[in-house]
Amino acid sequence: MHGGFLGPAQAQERRHAAEVARYREHPELLYVGAAPPGMQISHVVVGPAYVGVDYRPVAQNEAGYVGLTMRSQLTPTAQCPELVQKDVTCSVDARGDVRTVRELPGGTRAITLTRHLRDAEAEVNSQYLDESGLRHLLDTLHPLSDEELERLMREKVIEQGY
């Protein structure tokens, strides 16, 4: 830098550093889990009070979806809602995870598991992955590393939400 002039490379470095800083504003929410077998992270949205991660099959012609949402804790302890809709069951297991199962037409079941972490809660849901697969995803949650963030940015699968 000479005489206050920023070259294109320095300007790009500053933009990149500012983008990384925006993604890192809420580190307690910036978590990912190991992708289920045959799946990969397809999209990440970092919002002001949440992080949403979509996992989809690696093979383009396969159906499947798993969603992970990280957010501030909605309740101090894990609990089922007082009113549960028809065709929905809710329970809290010994570990404190909330398990909600919604029976859908055609015998399909949508499973949602919610787990309290230190300063946040993680919710995973899927109609394709079974409960043990969802629990595995919760068990592998970890803070997003710098390398993982750089890869998601390079692959353009992470974005700011509003």
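This is a predicted model: local features need pLDDT of at least 70, side-chain atom pairs count only at pLDDT 80 or more; totals for chains, interfaces and linings use all residues.
**Stop 1: strand β7**

Select residues 109–116, which make up strand β7. Six of its eight residues are buried, so the rest of the structure largely encloses this strand.

Then follow the chain between the two strands: they form a hairpin with five residues between them. In the turn, select Gly-106, whose phi is positive, at about 80 degrees.

Now go to the other partner, strand β8, residues 121–126. β8 also runs antiparallel to β7, and six bridges join them. Select Thr-112 and look across to Asn-125 in β8, its bridge partner. β7 and β8 form a hairpin as well, with four residues between them.

**Stop 2: helix α2**

Select residues 131–139, helix α2. Which residues of α2 are buried? They are Gly-133, Leu-134, Leu-137 and Leu-138. Viewed down the axis of α2, these buried residues fall within an arc of 145 degrees, so they line one face of the helix. An α-helix has 3.6 residues a turn, so residues three or four places apart point the same way.

Next, show what covers that face. The cover of the buried residues of α2 includes β3 (50–57) and β4 (66–71), together with β7 and β8 from the previous stop.

**Stop 3: Leu-138**

Stay in α2 and select Leu-138. Its relative accessible area is 3%, so Leu-138 counts as buried, the cut-off being under 20%. Leaving aside residues up to four places away in sequence, Leu-138 touches Asp-97, Leu-113, Arg-115, Ala-122 and Val-124.

For a distance, pick the C-alpha atoms of Leu-138 and Leu-152. These two residues are 14 residues apart along the chain, and the atoms are separated by 20 Å.

**Stop 4: helices α1 and α3**

Select α1, residues 8–23, together with α3, residues 146–154. Two packed helices are described by the angle between their axes and the distance between the axes. Here α1 and α3 pack at an angle of about 115 degrees, with axes 12 Å apart. Their crossing is right-handed.

Which residues of α1 and α3 meet? Show side chains for His-16, Glu-19, Val-20 and Tyr-23 in α1, which meet Leu-149, Glu-150 and Met-153 in α3. By class, this contact has four nonpolar, one polar and two charged residues.

How values were computed:
Residues are numbered from 1 along each chain as its sequence is written. Side-chain values use heavy atoms; hydrogens and water are left out. Buried means under 20% relative accessible area, exposed over 50%, partly exposed in between (1.4 Å probe, protein chains only). Contact means heavy atoms within 4.5 Å. Axes are lines fitted to C-alpha atoms, for helices over the stretch in contact, and angles run from 0 to 180 degrees between N-to-C directions. A crossing is left-handed if the near helix is turned anticlockwise from the far one by less than a right angle, and right-handed if clockwise. Ala, Val, Leu, Ile, Met, Phe, Trp, Tyr, Cys and Pro count as nonpolar, Asp, Glu, Lys and Arg as charged, and the others, Gly among them, as polar. Two strands pair if DSSP finds at least two bridges between them. The arc is that of the directions from the helix axis to the C-beta atoms.
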